[in-house]
Amino acid sequence: MENIPLAQLMSLKGKVAIVTGGAMGIGRGIVERLAEAGAKVLIADLDLEAAKKSASELHQKGWTVLSIKTDVGSEVDVKKMVEVCQEALGGIDILVNNAGIYPPEPVAKMSGEDFEKVMHVNLRSVFLTTKYVSEVMRQQGRGGKIINITSVDAIHPSMVGLAHYDASKHGVWGFTKNSALELAPDNIWVNAIAPGGINTPGVAAMQSAAPQADAEMLKKQTEAFMSKIPMHRMGEPDEIGKVALFLASDMSSYMTGEQVVVDGGVLLS
Ligand SMILES: NC(=O)c1ccc[n+]([C@@H]2O[C@H](COP(=O)([O-])OP(=O)(O)OC[C@H]3O[C@@H](n4cnc5c(N)ncnc54)[C@H](O)[C@@H]3O)[C@@H](O)[C@H]2O)c1
């Protein structure tokens, strides 16, 4: 095999990426590294204002970053996202399924709707985007990279109150492995990243929005979680962005159906 120089291996020049939920948090960290590596990026996010703001900040760095309002749980929105990306950016080479929600709710208090909403946004979305984006990648005939953001909760629960979330993330990990098998003949590699605790607006909102009794419980669980991290700190979105760049680039040319854990060592304890 040809020994490609490092700079070229990490380059995403000429590639087009979609990052769902890319307006803030982990998604934004991923958008920044992919754009810096030369990819044109479409941020597909429910929060259009935040997506526009991120796109315009990154545009000022000289990168091509566009935004579109997308509810990843909606088939109509996902189809539109795919069409707009092809029209505006000329194709799709990389898909990052990052959008996700984690509203804490004990099973005893959880309604059927609560459960389904989490499944819809976290799991069904991955099926929808993979279905429509892989179709485009197949037609383009130049392969592709799909990266699904799971969680350490796809392996082991981090706290009580996330049974629906953990079920959805276990589902995404299963979907990652099977779709990797199905798409490998088309040179489409499918991998996952399982983050541990990462400092994001979503985590901050989860802690501040909890009702008083739950807030106490959440505080205790957060302290217990923190005390278990061997690196003694939460991660930052860029620490997921860097691994996403690895999986989106030729650096990971012989990897598919794999889940990379990025958790400061929390699963060790
Ligand atoms: N932060 C963590 O500690 C952590 C740990 C493990 C896994 N994760 C996973 O990482 C991903 C991102 O988490 P985060 O903490 O950055 O979240 P966040 O809440 O900070 O940001 C999520 C982004 O997704 C968007 N979004 C929400 N619902 C959407 C929908 N239906 N359609 C499109 N966009 C939508 C939001 O508008 C927001 O921009 C999620 O899949 C989450 O499960 C996070």
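Predicted model: local features only at pLDDT ≥ 70, side-chain atom pairs only at ≥ 80, totals over all residues.
Reader: Why is G241 called buried?

Author: G241 has 23 other C-beta atoms within 10 Å. The cut-off for buried is 20 or more. G241 therefore counts as buried.

Reader: Where is G241 found, and which residues does G241 touch?

Author: G241 is in helix α9, residues 237–248. Leaving aside residues up to four places away in sequence, G241 touches G29, I30, E32 and R33. Contact here means C-beta atoms within 7 Å. G241 and N148 are 93 residues apart in sequence, and their C-alpha atoms are 13 Å apart in space.

Reader: Why is H232 called exposed?

Author: H232 has 10 other C-beta atoms within 10 Å. Exposed requires 12 or fewer, so H232 qualifies. H232 is placed in the loop between α8 (212–227) and α9.

Reader: Why does N187 count as partly exposed?

Author: N187 has 14 C-beta neighbours inside 10 Å. Buried needs 20 or more and exposed needs 12 or fewer; N187 is in between, so partly exposed is the class. N187 lies in the loop between α6 (163–183) and β6 (188–195).

Reader: What is the phi of N187, and what is that of H232?

Author: Phi of N187 is near 60°, a positive value in a residue other than glycine. Phi of H232 is also near 60°, again positive and again in a residue other than glycine.

Reader: What makes β5 largely enclosed by the rest of the structure?

Author: Six of the six residues of β5 are buried, so the strand is largely enclosed. G144, I146 and N148 point one way, while K145, I147 and I149 point the other way. In a regular strand, side chains alternate between the two faces of the sheet. In β4, I94 and V96 point one way, L95 and N97 the other, and all are buried.

Reader: How do you know that β4 pairs with β5?

Author: Pairing requires at least two bridges. Four bridges join β4 to β5, so the two strands pair, and they run parallel. In this pairing I94 has K145 as its bridge partner, and N97 stands opposite N148.

Reader: How many bridges does β4 have to β1, and how many does β5 have to β6?

Author: Three bridges join β1 (residues 16–20) to β4, in parallel. I18 stands opposite L95 there. β5 and β6 pair over six bridges, also in the parallel sense. I147 stands opposite N191 in β6.

Reader: Which elements make right-handed β-α-β units?

Author: β4, helix α5 (residues 112–140) and β5 make one. β5, α6 and β6 make another.

Reader: Which residues touch the most other members of the largest nonpolar core?

Author: They are A17, I18, L34, V41, I43 and A244, in a core of 67 residues. Helix α5 gives the most to this core, with seven residues. Beyond residues up to four places away in sequence, I18 touches L42, A44, M81, C85, I92, L95, V96 and V133.

Reader: Which residues come nearest to the ligand, and what classes make up the shell around the ligand?

Author: G21, G25, G100, T200 and G202 come nearest, out of 30 residues around the ligand. The shell has 15 nonpolar, 12 polar and three charged residues. α2 (25–36) and α7 (201–209) each supply at least two residues of the shell.

Notes:
Residues numbered from 1 in each chain as written. Near = placed C-beta within 6 Å. Nonpolar A, V, L, I, M, F, W, Y, C, P; charged D, E, K, R; others polar. Right-handed = clockwise from strand over helix to strand, strands pointing away. Core = buried A, V, L, I, M, F, W, Y, C linked by C-beta atoms within 7 Å. Contact = placed C-beta atoms within 7 Å.
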